[in-house]
Amino acid sequence: MITRGIVADVVTYSSMIHGVCRLGQWREATRLLDQMLSKRVSPDVFTFSVLVDTLCKEGLVLKAKSVVQMMIQRGIQPDAFIYSSLMNGYCMQGEMDKARQIFDLLISKRSVDVHSCSIMIDGYCKAQEVDQAKKIVKIMRLMELVPNTITYTSLIDGFCKAGRIQEAQNLFTEMQGCGQLPNAQTYTVMLDGLCNNQQLSMAMELLKEMEANKLELTITVYNVVIEGLCKAGNIESARDLFSHLSTKELQPDVRTYTIMIHGLCLHGLLIEAEELLKEMRSMELVPNTITYTTLIDGFCKAGRIQEAQKLFSEMQSCGQLPDAITYRIMIHGLSHHDLIIEAEKLLREMGGKDALQMAGNITTSSETSWAVGLIQEIVECGLSADASTMELIAGLLCKDAVDPALSLLNRILKKRLHDSEQKLVLSVPLYDSKQRASQLETEVTSLNMC
């Protein structure tokens, strides 16, 4: 466009920035802004608002703040939408004090609306500060602002997660009395709260109400209830609800199957759980790492280590990489069945601090030399000897393994001495560096005298 001699104006640039922001391409958006400024095309409030909102949603609050500062320097006053976007960015980062400063600024400018209040309420609820959220509601009422469905949903979710289920229920009733009808999200939040607070009979009643009101219920809603039933040990009701999903024209997703597999494993129904895994594949659903880990855990706890090993290999061949939890379950299961070589192989595969912790957990007195060698190897590969490492050595000392544990501690302290000497020479005066190195050398010498 520009190469054809057509001059782009503020509307053109703003439209392009809006377009790339919708695609999540914030780098391209900032490049276009820089291009605007270099060509002396002045951005307007809309240009800045789109960019600030995108940057905040991407978690780049500092960049968003610098854009706001730029617009102020150029004599353009940020509007309530821009400040609300920045406030939302801080809330997403859990920086509620900074979010509150912007909120107070909006109050001083008399620019507070339901949207900005809802952002603050949601932020406080996610930060587990529900009483602060209630204070924002009081401010809304003083300013004659009416909380909407979004506001109430955030509040209900906050109180449910805080275990204050009665207050959540009161809010659920209150919102309907104020003419704010709960939507599917509100119901889902309320259902989740009831299930997690052992109020299953009320949750089932609420589900019936939702179905009677002919709300468009997604599989997410039923996942919440099925999981609640499984956690409460009511596997029969969970199985019944799961089997009737097709009558509601709903297809179970990966999470639905994973929830059911977990519930069945808890009740030792491993054959049925394995059948569900096969059913998933027949439905062209790909089991994820959590699905596999859940079933592997079930097999390990039932002492069926060979089936667990088979699943562990299968998940990797299917492109699902085991995470730290999967490794821990497998290593614990293998060591419990004295399959130390296989456990060691997985520990080496695992690496890092998780491997150190696992080495300490599976060590018995007969495996001391092996564990010491493994911990030493992991540390010497570049992992720093931190408090968890020292805790493992203390465990070895308690297992009548004094000599090897002290030998390992000696090696670690010597490595710390060498690393400290290198770092301190570069970062502090020579005298202080020598003094700190001398302290570490004294630690090693004292250890050698033990």
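Visitor: Which residue just after H16 takes a positive phi?

Guide: That residue is Glu-284, and its phi is about 60°; please keep in mind, as we go on, that this is a predicted model.

Visitor: Okay, and how does the length of H16 itself work out?

Guide: Helix H16 covers residues 270–282, which makes 13 residues, and at 1.5 Å a residue these should span 18 Å. The C-alpha atoms at its ends are 19 Å apart, which agrees with that expectation.

Visitor: Which residues in H16 are buried?

Guide: The buried residues in H16 are Leu-270, Ala-273, Leu-276, Leu-277 and Met-280. Around the axis they cover an arc of only 115°, so they lie on the same side of H16.

Visitor: What do those buried residues pack against?

Guide: The buried residues of H16 pack against H14 and H15, and also against helix H17 (289–301) and helix H18 (305–317).

Visitor: And which exposed residues sit on the face turned away from the buried side?

Guide: On that face of H16 you will find Ile-271 and Ser-282, both of which are exposed.

Visitor: Is Glu-249 buried or exposed?

Guide: Glu-249 counts as exposed, because its relative accessibility is 77% and the cut-off for exposed is over 50%.

Visitor: What about Arg-40, where is that one?

Guide: Arg-40 is placed in the loop between helix H2 (26–38) and helix H3 (45–57). Its phi is also positive, near 60°, and Arg-40 is not a glycine. With a relative accessibility of 80%, Arg-40 counts as exposed.

Visitor: New topic: how do H4 and H5 cross?

Guide: The axes of helix H4 (residues 61–73) and helix H5 (residues 80–92) come within 10 Å of each other, and they cross at roughly 155°. The crossing of H4 and H5 is left-handed.

Visitor: Are they roughly parallel or roughly antiparallel?

Guide: H4 and H5 are roughly antiparallel to each other, because angles over 145 degrees count as roughly antiparallel and the angle here is roughly 155°.

Visitor: Which residues meet between the two?

Guide: From H4, the residues are Val-61, Ala-64, Lys-65, Val-68, Met-71 and Ile-72, and they meet Ile-82, Tyr-83, Leu-86, Gly-89 and Tyr-90 in H5.

Note on methods: Residues numbered from 1 in each chain as written. Predicted model: local features only at pLDDT ≥ 70, side-chain atom pairs only at ≥ 80, totals over all residues. Heavy atoms only, no water. Helix = DSSP H or I, 4+ residues; strand = E, 2+ residues; numbered from the N terminus. Buried < 20%, exposed > 50% of the residue type's maximum accessible area, 1.4 Å probe, protein only. Expected span 1.5 Å × (residues − 1). Arc of directions from axis to C-beta. Contact = heavy atoms within 4.5 Å. Axes fitted to C-alpha atoms, helices over the stretch in contact; angles between N-to-C directions. Parallel < 35°, antiparallel > 145°, perpendicular 65-115°, else oblique. Left-handed = near helix turned anticlockwise from the far one by under 90°.
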